[in-house]
Amino acid sequence: MKQTELIPHLFRTEYRKIVSVLYKLFGIEHIEIAEDIASDTFLLASELWGLKGLPENPTAWLYTVAKNKTKDYLKHNSIFTQKISKEIKYSAATFHEIEIDLSTQNINDSQLAMIFAVCHPCNPAEAQIGLALNLLCGFSATEIAKAFLTNKEVIYKRLQRAKEKLRTEKIKIEQPGLSELNERLPAVLLTLYLLFNEGYYSSNQDVSLRKDLCLEAMRLTYLLIENNYTNKPAVNALFSLMCFHSSRFEARINEEGGAILYEDQDANLWDKELIKKGEYYLNLSSKGDELSKYHLEAAIAYWHTHKEDTKQKWENILQLYNQLLQIEYSPIAALNRTFALAKANGKKDAITEAEKLNLTDNHLYYSLLGNLYTDVDNAKALEYYQKALSLTNSNSDKVTIGKNMEEVMSKLLESTKRGKPAISPSVKQQITRNPV
Amino acid sequence: MPNASPDEMQAMTKRWMDWIGGIAAQNKLGDRGNRLFPSGKVVKPGNIITDGPYSEIKESIGGYSIVKANSLEEATELAKGCPGLTNGGTVEVREISEM
């Protein structure tokens, strides 16, 4: 790796390790000091390595410099040292004896402790995701703003507020005790799940940034798996879900960053290794008697790694959605369940059920109805697609709906040509109108 | 269904799951509830305990589910899909009177 590439690379991989250890050392009160020391370390590296060339072991160099800078800081800030010396986790008699432990074990432990602090429910989910990217993944406010499609100031304020909240709530950077773990883990998993979804489902056109978000979410989830203490069935289920989803990452995005629908994906582009990994962790997740929503979503994602449209596949997916909805209702799960119902039980059943869902402000609801009525009542299908089109702002959704409408329209024209039942004037008018 | 074959049992389970899933998909499921074994004990005044309830009355309660609805009519609509109706059962719809 060239030096110009090496520093950004090391910044990505090592910054967060160094800073986690320092966060844990200084406590939540003083996270800026930890950040300053870690940043200064990289600044020095970029200056010196440019002049003198690369050290033999760049990572070890960074660790040594970070340790020395920390010791210097403590030495030269006696007031600070007096104030925080009680809080310093390493109970050294004087700051000279403070050992800054950058071993793999302590790095992992520190990162894990930080995950729990960052994903503390005292902050709203959105702020937790921002904090995770900032404090655990080393993303700047600018990068986070890009990911969230918002401006830097909004994110900066959100991060400041969230950090302040951690301070005022006196959140400790430590792994929760055994009795507390089951209570705290769901919030952590939810944040990691949302972080992953932010990358996976975002309409952001910056594909490499989206991929980064997914990878970071997987890396943090994997940290929980690596630690015996947090390696719970639901964590394995979540990781399995992430593996199955990301196996389709390349296949579901076109060159312009737009979405390619499942039916249209080239299954050869699915990542077989990740699918295998997903299966492996799905198996592990079945140890124990816990059935989380991640288990069910992972199992659904598993069935979607089988492209063939078999009855068995859709029956399984339907039953998984039935269970998922009992654990937690969401409009998207309700819509997907109805789609699976159509595949498993037939369109007639699905139409009856769909009309009960009453999600009249959701364009996907009308897209579903359009899909279900296709070949059953094409004129009605077209009306529903039209309604869907009027409700969405997303360009890729508009393209998809437009394609579906064209298909339905050609079916309608075909049937009028053959002298089949005439279609109503209002529909004729729609046919002549260009949908997109 | 004492004499049902495994396939019939599976088909029946599916009907129940699809019904409950359909209610959950409308965000109207309160609690899936439980099935009840057909027989148990009946306690009467005067420390009289009998087997039952089938020996005393023709009908016994097979199970219960809790739904969320704005009216008794809406809840009744949900009950119409109950698979128990297809094998001679009935569904009673009652409002919970909170204590």
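This is a predicted model: local features need pLDDT of at least 70, side-chain atom pairs count only at pLDDT 80 or more; totals for chains, interfaces and linings use all residues.
Q: What makes residues of the lining of the second largest pocket nonpolar, polar or charged?
A: The lining is made up of 26 nonpolar, 15 polar and seven charged residues. The sorting goes by residue type: Ala, Val, Leu, Ile, Met, Phe, Trp, Tyr, Cys and Pro are nonpolar, Asp, Glu, Lys and Arg are charged, and the others, Gly among them, are polar.

Q: Why is a space called a pocket, and how is its volume found?
A: On a 1 Å grid over the protein atoms alone, a pocket is an open set of points with protein on both sides within 12 Å along at least five of seven lines, whereas in a cavity a 1.4 Å probe fits but cannot get out; lining residues have an atom within 4 Å of a point. Points are joined across faces, edges and corners, and the volume is the space filled by probe spheres set on them. The second largest pocket holds about 2,200 Å³. Its lining has 48 residues, and those closest to the centre are W16(B), I61(B), G62(B), G63(B) and Y64(B). Helix α1(B) gives the most, with eight residues. Helices here are DSSP runs of H or I with at least four residues, strands are runs of E with at least two, and numbering starts at the N terminus.

Q: Why is the contact of R158(A) with E126(A) called a salt bridge?
A: A salt bridge needs a side-chain nitrogen of Lys or Arg within 4 Å of a carboxyl oxygen of Asp or Glu. The closest N and O atoms here are 3.6 Å apart, so the pair qualifies. R158(A) is in helix α8 and E126(A) in helix α6, 32 residues apart.

Q: What makes D309(A) and K343(A) a salt bridge?
A: Their closest N and O atoms are 3.0 Å apart, so the pair meets the rule. D309(A) lies in the loop between α13 and α14 and K343(A) in helix α15, so the bridge ties together parts 34 residues apart in sequence.

Q: Why is L149(A) called exposed?
A: The relative accessibility of L149(A) is 55%, so this residue counts as exposed. L149(A) sits in the loop between α7 and α8 of chain A, with a positive phi near 55 degrees.

Q: Why are β2(B) and β3(B) said to pair?
A: DSSP has to find at least two bridges between two strands. Strands β2(B) and β3(B) have five, in the antiparallel sense, so they pair.

Notes. Residues are numbered from 1 along each chain as its sequence is written. Chains are lettered from A and ligands numbered from 1 in the order in which they are written. Side-chain values use heavy atoms; hydrogens and water are left out. Buried means under 20% relative accessible area, exposed over 50%, partly exposed in between (1.4 Å probe, protein chains only).
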